[in-house]
Amino acid sequence: MAVNLLDFDAAGLAARFVEWGEKPFRARQVLRWMHRSGQDDFGAMTDIAGSLREKLGAEAEIKPPAIVSDRFSDDGARKFLFDVGGGNAVESVFIPEDERGTLCVSTQAGCALDCAFCSTGRQGFNRNLSVAEIIGQLWQVKRVLGACSGDERMISNVVLMGMGEPLANFDHLVAALRLMLDDNAYGLSRRRVTVSTAGLAPMIDRLRDECPVALAVSLHAPDDALRDRLVPINRKYPLRELIAACRRYLEKAPRDFVTFAYVMLDGVNDSEDHARRLLRLTSGIPCKFNLIPFNPFPASSFRRSPPARVRNFAEILASAGIVATTRKTRGQDIDAACGQLAGRVRDRSRCSRQAAMSVREMRLP
Ligand code: SAH
């Protein structure tokens, strides 16, 4: 089977070229063609010897996931649906702003964490995306935007905040991040690439050691009792451990603060008391808060907090010197807002839960 060269970061590609008996600098040339020029045809890589082009054509391929739909929101956000095979599809969202363009990328088909307010979690989990499937979203969108506007540099920021938990797909995430940062690929600065996590504390340490980028932590509650309910992974890594990992992360982080995301759920986590307890929880950690208005999806049981309550909440944080921004909801008309990405997932986790249940039932006397 052909090797997909989008599955390799720079070091991995160089190692593969050496295995093929080629010089490592050839790998760098191919990397530049693939990621900087968006080239998927070895025949067009004109500064590469004909014999190597032929060999690559026979043994390798450059294969991003195919775009199966591309929808525009009235507010300019643009949602892409990618086929990742086996009945699964994942989504990316491009959010243009005056000074920057942000691409929100998925890392898993579905998600196993099952946060109470998230539509991706509702579908269950199918599998981790490969490196080619993660970086392939950026590869494809950059190419589409370049063709539309002639400006391939429209993607200035990448956020790993689409479907899935990035830190649960650690090795593939890190290879994809390295490509985003590599000057021979996308050349983004570490400060402009953000990994968002629901709080896999030990993996926050690994990210710090292996590929520190900007970090967002989805906090959503000031105490373990409430967070256990909203973000079930908290039962495994409670707030004390999570906050300690954030503190350690800052020792090597490219930004000198952690962003705490906080989805505002009417009557659940949005009182003045919650805000004051958040201040106590995070005291001593350089941080910013990003308050996210809850985005509803079919069968969701939560409601969005009223705007006045969100403002009040932000003011309490601000009065303690914490910058608290309220995320502007973008792309809601095309189900592209935070927490609405559903893609299409064959839920293996649910199938296996059902299978486990039916086995138990069969054993009943
Ligand atoms: N698993 C990672 C990244 C994906 S979720 C994480 O949890 O951070 C990206 C962000 O969207 C998270 O902050 C998440 O809590 C938030 N989110 C999920 N569902 C939402 C919803 N229905 N409305 C608003 N934000 C939501």
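**Notes on the predicted model**

1. Of the 20 residues around the ligand, those that come nearest are Phe117, Ser196, Ser218, His220 and Asn295, where a residue is near a molecule or strand if one of its heavy atoms lies within 4 Å of it. The model is a predicted one, in which local features need pLDDT of at least 70 and side-chain atom pairs count only at pLDDT 80 or more, whereas totals for chains, interfaces and linings use all residues. Residues are numbered from 1 along each chain as its sequence is written, and side-chain values use heavy atoms, with hydrogens and water left out.

2. The shell around the ligand divides into eleven nonpolar residues, eight polar and one charged. In this scheme Ala, Val, Leu, Ile, Met, Phe, Trp, Tyr, Cys and Pro count as nonpolar, Asp, Glu, Lys and Arg as charged, and the others, Gly among them, as polar.

3. A backbone N or O atom of Gly164 is 3.1 Å from a nitrogen atom of the ligand, and a backbone N or O atom of Thr197 is 3.5 Å from an oxygen atom of the ligand. From the side chain of Ser218, an N or O atom lies 2.6 Å from a ligand oxygen atom.

4. How much of the ligand does the protein bury? Taken alone the ligand exposes 540 Å², and the protein buries 95% of that; accessible areas come from the Shrake-Rupley method with a 1.4 Å probe, and for residues only the protein chains shown count as cover. Strand 10 (193–197), strand 12 (258–264) and strand 13 (287–293) are the elements that give two or more residues to the shell, with helices (H or I, at least four residues) and strands (E, at least two) taken as DSSP runs numbered from the N terminus.

5. The count of salt bridges comes to 20, each being a side-chain nitrogen of Lys or Arg within 4 Å of a carboxyl oxygen of Asp or Glu. One of them joins the side chains of Arg78 and Asp70 at 2.7 Å, N to O. Arg78 counts as buried at 7% relative accessibility, whereas Asp70 is partly exposed at 32%; buried means under 20% relative accessible area, exposed over 50%, and partly exposed in between (1.4 Å probe, protein chains only).

6. Lys79 and Glu91 form a salt bridge whose closest N and O atoms are 3.1 Å apart. This pair links strand 4 (residues 78–83), which holds Lys79, to strand 5 (residues 89–96), which holds Glu91, twelve residues apart, and both Lys79 and Glu91 are buried.

7. In the salt bridge between Asp223 and Arg277 the closest N and O atoms are 2.8 Å apart. Asp223 lies in the loop between strand 11 (214–218) and helix 8 (224–230) and Arg277 in helix 10 (residues 272–281), so the pair ties together parts that are 54 residues apart in sequence.

8. Asp114 has a positive phi of about 60° although it is not a glycine, and Ala299, also not a glycine, has a positive phi of about 70°. Asp114 is partly exposed, with a relative accessible area of 36%, whereas Ala299 is exposed at 71%.

Key:
Polar contact = N/O pair within 3.5 Å; in protein donor to acceptor, adjacent residues only side chain to side chain.
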